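Hello,

Here is the structure I promised to pass on. Please open it first, then read my notes below with the model beside you.

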Amino acid sequence: MTLQEYDYARESPSKLAASCLLLALTMKNLGGWTPTLEYYSGYSAQDLHPLVKRLNFLLTYQPRDKLNAVRSKYSHRVFFEVAKVTPMDMLKLEKTLTTS
């Protein structure tokens with residue numbers, strides 16, 4: 001999704017990947033940002049929180065009428081239908097991030 005959004009071009013690819021991973025872990029209730037993830041990524045959970053929130057916002061309020069190729073591709077079961085995953089409620093995400 002971020003490939004289609006100019007606002008994310010300024011983000012470091014490693015920070016973007018780490019933020020996506022943290023969001024996925026949070027969405028699937030698979031735990032939080034561990035010391036091992038922090039060590040190998042170089043990012044603390046607090047470093048990632050603002051970008052995680054922006055990513056969830058992007059999923060929540062994505063335009064449905066344009067650039068459907070990426071959404072269509074990742075809605076296929078070969079890609080585990082990740083484009084169909086329901087975004088987290090913004091308040092729940094905020095609460096989860098601040099308690100972890």
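**What I found**

Helix 3 bends by about 30° at Leu51. Keep in mind that this is a predicted model.

**Helix 3**

Start with the length. Helix 3 covers residues 45-60, which makes 16 residues. At 1.5 Å a residue, helix 3 should span 22 Å.

Next, look at what is hidden. The buried residues of helix 3 are Ala45, Leu48, His49, Leu51, Val52, Leu55, Asn56 and Leu58. Leu51, where the bend sits, is on that list. Which helices do these buried residues pack against? They pack against helix 1 (13-27) and helix 5 (90-99).

Click on His49 in helix 3. Is His49 buried or exposed? Its relative accessibility is 11%. Buried means under 20%, so His49 counts as buried. His49 touches Leu22 and Leu97, leaving out residues up to four places away in sequence. Leu22 is itself one of the buried residues of helix 1.

**Helix 1**

Helix 1 has 15 residues. From first C-alpha to last it reaches 21 Å, close to the 21 Å expected at 1.5 Å a residue. Its buried residues are Leu16, Ala18, Ser19, Leu22, Leu23, Leu25 and Thr26. What do they pack against? The partners are helix 2 (35-41), helix 3 and helix 5.

Asn29 follows helix 1. You will find Asn29 in the loop between helix 1 and helix 2. Its phi is positive, about 55°, although Asn29 is not a glycine. Most residues other than glycine have a negative phi. Asn29 has a relative accessibility of 71%. Exposed means over 50%, so Asn29 counts as exposed.

**The loop between helix 4 and helix 5**

Now move to the loop between helix 4 (68-73) and helix 5, where Glu81 sits. Glu81 is not a glycine either, and its phi is positive, near 50°. How exposed is Glu81? With a relative accessible area of 33%, Glu81 is partly exposed. That label covers values between the 20% and 50% cut-offs.

Val85 is also placed in the loop between helix 4 and helix 5. At 33% relative accessibility, Val85 counts as partly exposed. Val85 and Ser75 are 10 residues apart along the chain. Their C-alpha atoms are separated by 9.1 Å.

**The largest pocket**

Finish with the largest pocket. What is its volume? The volume is about 580 Å³. The lining is made of 18 residues. Met1, Cys20, Leu59, Val82 and Ala83 lie nearest the centre of the pocket.

Which helix gives the most to the lining? Helix 1 does, with 4 residues. Helix 1 and helix 3 each supply at least two residues of the lining. By class, the lining has 15 nonpolar, 2 polar and 1 charged residues.

**To look at as you go**

- Find the bend of about 30° at Leu51 in helix 3.
- Pick out His49 and its contacts with Leu22 and Leu97.
- Compare buried His49 with exposed Asn29.
- Locate Met1, Cys20, Leu59, Val82 and Ala83 at the pocket.

Best wishes

Note on methods: Residues are numbered from 1 along each chain as its sequence is written. This is a predicted model: local features need pLDDT of at least 70, side-chain atom pairs count only at pLDDT 80 or more; totals for chains, interfaces and linings use all residues. Side-chain values use heavy atoms; hydrogens and water are left out. The expected span of a helix is 1.5 Å times one less than its number of residues. The bend at a residue is the angle between axes fitted to the seven residues ending there and the seven starting there. Buried means under 20% relative accessible area, exposed over 50%, partly exposed in between (1.4 Å probe, protein chains only). Contact means heavy atoms within 4.5 Å. On a 1 Å grid over the protein atoms alone, a cavity is a set of points where a 1.4 Å probe fits but cannot get out, and a pocket is an open set with protein on both sides within 12 Å along at least five of seven lines; lining residues have an atom within 4 Å of a point. Grid points are joined across faces, edges and corners, and a volume is the space filled by probe spheres set on the points. Ala, Val, Leu, Ile, Met, Phe, Trp, Tyr, Cys and Pro count as nonpolar, Asp, Glu, Lys and Arg as charged, and the others, Gly among them, as polar.
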